[in-house]
Amino acid sequence: MCGIVAYLGNKTARPILIEGLKRLEYRGYDSAGIALLENNDITVTKSAGRISNLEDCLTRDASNASLGIGHTRWATHGKPNTINAHPHQDYTGKIVVVHNGIIENYATLKKWLKTKDVPFVSETDSEVIANLIGYFYAEGNDKQGRKASGSTSKFEWAVQEALSELVGTYGLAIICKDYPDTLIGAKKGSPLILGVGEKEFIIASDASAIVEHTTQAIYLSDNEMAIATSEGFRTKTIDNVEVTKSLKEIEFSLEEIELADFDHYMLKEIYEQPTSIARCLGGRIDLKSSRVVLGGLQDILRDLTKTKRIILTACGTAWHAALVGEFLFEQLARIPAEVEYASEFRYRNPIIEEGTIVIAISQSGETADTLAAIEQAKERGATVLGVVNVVGSTIARTTDAGVYLRVGPEIGVASTKAFTAQVAVLTMLAIELGRRRHLSNEYAYTLLKELATIHEKIPPILAQTDHIKEIAKANIDKENWLFLGRGLNYPVALEGALKLKEISYIHAEGLPAAEMKHGPIALITDDMPAVFIATKCSQYDKIIGNIEEVRARGGKTIVVATEGDENIKQYADHLITVPDTNEYLQPMINAIPLQLLAYHAAVLRGHDVDKPRNLAKSVTVE
């Protein structure tokens with residue numbers, strides 16, 4: 001979950017590293033550091049806290065170093081302090097490493113290294129990597145006493161020997177004092193990209209740190225390493241087998257990751273949803289034939305039509321999108337569907353029968369738990385589809401087929417536009433499978449026609465932002481909220497509660513509205529906020545009854561309702577309206593006022609919306 005950036009080229013490295021770390025800070029912001037190699041000397045500077053703290057620690061003397069590595073941390077092993085911050089330098093002072101991931105056997109390796117009188121200064125698992133490489137490099141032997149040999153440089157050999165001993169996940173950038181024109185990157189289970197420019201190379205956790213300098217990149221696969229030098233770059237496995245990687249075009253621009261005129265990335269991404277949903281749907285809905293065209297699934301659509309069961313697996317916000325998908329696949333395609341937390345699925349002995357399709361959903365395409373669930377499903381013979389946003393991500397490359405969200409980079413830690421696009425993709429797939437199985441062309445056309453213009457219903461919601469801010473202001477002193485919905489709006493309630501928890505730190509619980517009376521109703525006290533998603537739907541009358549139950553016990557009702565619904569006004573202490581749309585499509589627009597509500601609550605409470613405490617954007621560790 002940490003951010004890595006490294007530079008080798010003909011420019012000054014320090015400003016490139018600092019700017020890259022700022023672009024990667026959403027991946028972790030507990031501490032940060034850089035290491036620069038110049039004049040046969042390595043200088044390491046690091047600090048607890050944000051990148052701005054690191055900048056304050058850097059000397060004002062200009063460094064002309066053209067080789068360096070940087071890191072912004074989300075703490076796993078060891079407190080977020082300066083000692084535990086990356087980069088980590090080995091005990092000889094020659095090897096410096098930045099690491100994203102978790103080394104599961106670090107304690108065993110650390111114990112072995114201590115028997116060799118190797119000292120440690122931090123609490124991290126990452127320092128073990130630096131010292132292990134350093135030990136092999138200094139001794140010139142592997143653990144069995146075999147000498148370094150062959151055409152591979154001693155630096156490369158030491159890295160390969162160390163990596164062969166590691167159990168766990170890593171994305172690494174490594175430099176060596178004796179090799180002032182060499183930068184090594186390696187990957188297993190954590191994302192790593194090598195940007196290739198004009199006589200310069202940038203290694204990074206994701207493309208946002210690269211795109212300002214080059215749009216050409218290679219995406220490393222697991223157990224691969226890249227060696228960049230002043231002469232060019234090579235790629236090989238950690239077992240020293242040369243591999244050929246093709247350059248890929250980074251599919252977003254620098255402008256897309258700039259903040260522009262918005263105060264926060266989260267707000268920018270909320271406001272991008274009319275465009276992002278339109279882009280997600282664009283070219284995929286064929287109204288003339290009442291069908292959906294998903295290029296990444298065309299080769300297997302016949303098999304998908306015959307599927308007997310769908311398992312959707314995801315984490316966090318993506319899990320809520322999967323819950324919407326469960327409703328849609330069962331209602332529209334009449335296919336049994338179930339939703340699994342990827343973090344639990346990977347440790348079960350799941351029953352996957354012939355005809356089972358597994359759909360893995362992840363914004364980043366790098367979520368560690370979801371990747372493990374994919375591996376589990378594939379081992380049991382399932383066809384696995386990916387619904388991801390990041391082109392070239394590990395999930396995109398690991399699954400049998402899939403669909404890209406096409407919403408552009410999402411920087412805000414609290415997901416917004418990715419959620420609505422995930423729901424849009426699942427809606428398209430459910431309609432198409434339904435059309436192929438039992439839905440009439442007429443009904444499929446009705447749904448697709450409404451879906452094709454769903455993005456036009458979002459601006460009227462965004463126009464209520466000041467009104468929603470006032471609702472937040474009236475309730476932010478309350479530390480416990482309920483979010484309640486029925487049917488397709490139950491997952492929306494869960495997502496609304498998660499958004500409020502993530503960024504405002506208010507405790508919130510999402511529930512099916514009918515379940516409230518089976519226990520949680522005991523929580524309701526005078527003026528406790530209860531957010532109801534009560535748009536016109538098949539269970540509208542039922543949810544009115546649930547609102548009445550809360551009001552009878554003194555709760556304060558915040559109601560999301562359909563425009564023009566005069567009846568519901570009498571039940572709402574605060575009313576937010578959304579345009580009318582088909583019940584199956586409501587989650588895409590009903591989630592947006594809840595995003596705004598959470599955003600304004602967090603800002604009013606003085607929190608950093610884009611960098612909420614203890615969180616990071618891409619969860620690449622278990």
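P87 is placed in the loop that runs between β4 (67-73) and β5 (88-89). The model described here is a predicted one. In it, the peptide bond leading from H86 to P87 is cis, and its omega is near 0 degrees. Most peptide bonds are trans, and most residues other than glycine have a negative phi.

Two asparagines have positive phi values. N39, a residue other than glycine, has a phi near 55 degrees, and N223, which is not a glycine either, has a phi of about 65 degrees. N39 belongs to the loop between β2 (31-38) and β3 (41-48), while N223 is in the loop between β11 (216-219) and β12 (224-229). N39 counts as exposed because its relative accessibility is 71%, above the cut-off of 50%. N223 has a relative accessibility of 32% and therefore counts as partly exposed.

## Nonpolar core

The largest nonpolar core has 95 residues, and the members that touch the most others are L312, F329, I359 and L451. Helix α13 (residues 417-437) supplies the largest share of this core, with 12 residues.

What does F329 contact beyond its neighbours within four places in sequence? Its contacts include L312 and I359, both of which are, with F329, among the core members that touch the most others. I310, R334, I335 and A337 are also in contact with F329. The rest of the list consists of L426, L429, A430 and L433.

Strand β24 covers residues 529-533, and five of its five residues are buried, so the strand is largely enclosed by the rest of the structure. P529, V531 and I533 point one way from β24, whereas A530 and F532 point the other way. Residues on both sides are buried.

β24 pairs with two strands described here. With strand β22 (residues 480-485), the pairing is parallel and has three bridges; F532 in β24 stands opposite L484. With strand β25 (residues 556-562), the pairing is also parallel and has five bridges; here V560 in β25 is the bridge partner of I533.

## Aromatic pairs and charges over rings

How many aromatic pairs does a search of the whole structure find? The search finds eight. One of them is the stacked pair of W319 and Y341, with 4.0 Å from centre to centre and 5 degrees between the planes. W319 is in helix α9 (residues 316-332) and Y341 in strand β18 (residues 337-341), so this pair ties together parts that lie 22 residues apart in sequence. W319 is buried at a relative accessible area of 10%, whereas Y341 is partly exposed at 40% relative accessibility. W481 and F483 form another stacked pair, with 6.2 Å from centre to centre and 15 degrees between the planes. W481 is buried, at 1% relative accessibility, and F483 is buried too, with a relative accessible area of 1%.

Ring pairs also join W112, Y135, F136 and W157 in a cluster. In two places a lysine sits over a ring. The charged end of K110 is over the ring of F120, at 5.1 Å from the ring centre. The charged end of K536 is over the ring of Y540, at 4.2 Å from the ring centre.

## H600 in helix α19

Is H600 buried or exposed? H600, which is part of helix α19 (residues 586-604), counts as buried because its relative accessibility is 8%, under the cut-off of 20%. Apart from its neighbours within four places in sequence, H600 is in contact with T465, I468, K469 and A472.

With T465, one of these residues, H600 forms a polar contact of 2.7 Å between the side chains. R14 and H600 are 586 residues apart along the chain, and their C-alpha atoms are separated by 36 Å.

Notes: Residues are numbered from 1 along each chain as its sequence is written. This is a predicted model: local features need pLDDT of at least 70, side-chain atom pairs count only at pLDDT 80 or more; totals for chains, interfaces and linings use all residues. Side-chain values use heavy atoms; hydrogens and water are left out. A nonpolar core is a set of buried Ala, Val, Leu, Ile, Met, Phe, Trp, Tyr and Cys residues joined through side-chain atoms within 4.5 Å. Buried means under 20% relative accessible area, exposed over 50%, partly exposed in between (1.4 Å probe, protein chains only). Helices (H or I, at least four residues) and strands (E, at least two) are DSSP runs, numbered from the N terminus. Contact means heavy atoms within 4.5 Å. A polar contact is a pair of N or O atoms within 3.5 Å; within protein, one must be able to donate a hydrogen and the other to accept it, and residues adjacent in sequence count only if both atoms are side-chain atoms. Rings of Phe, Tyr and Trp (its six-membered ring) pair if their centres lie within 6.5 Å; planes under 30 degrees apart count as stacked, over 60 as edge-to-face and the rest as tilted. A charge sits over a ring if NZ of Lys or CZ of Arg is within 6 Å of the ring centre and within 35 degrees of the ring normal. Two strands pair if DSSP finds at least two bridges between them.
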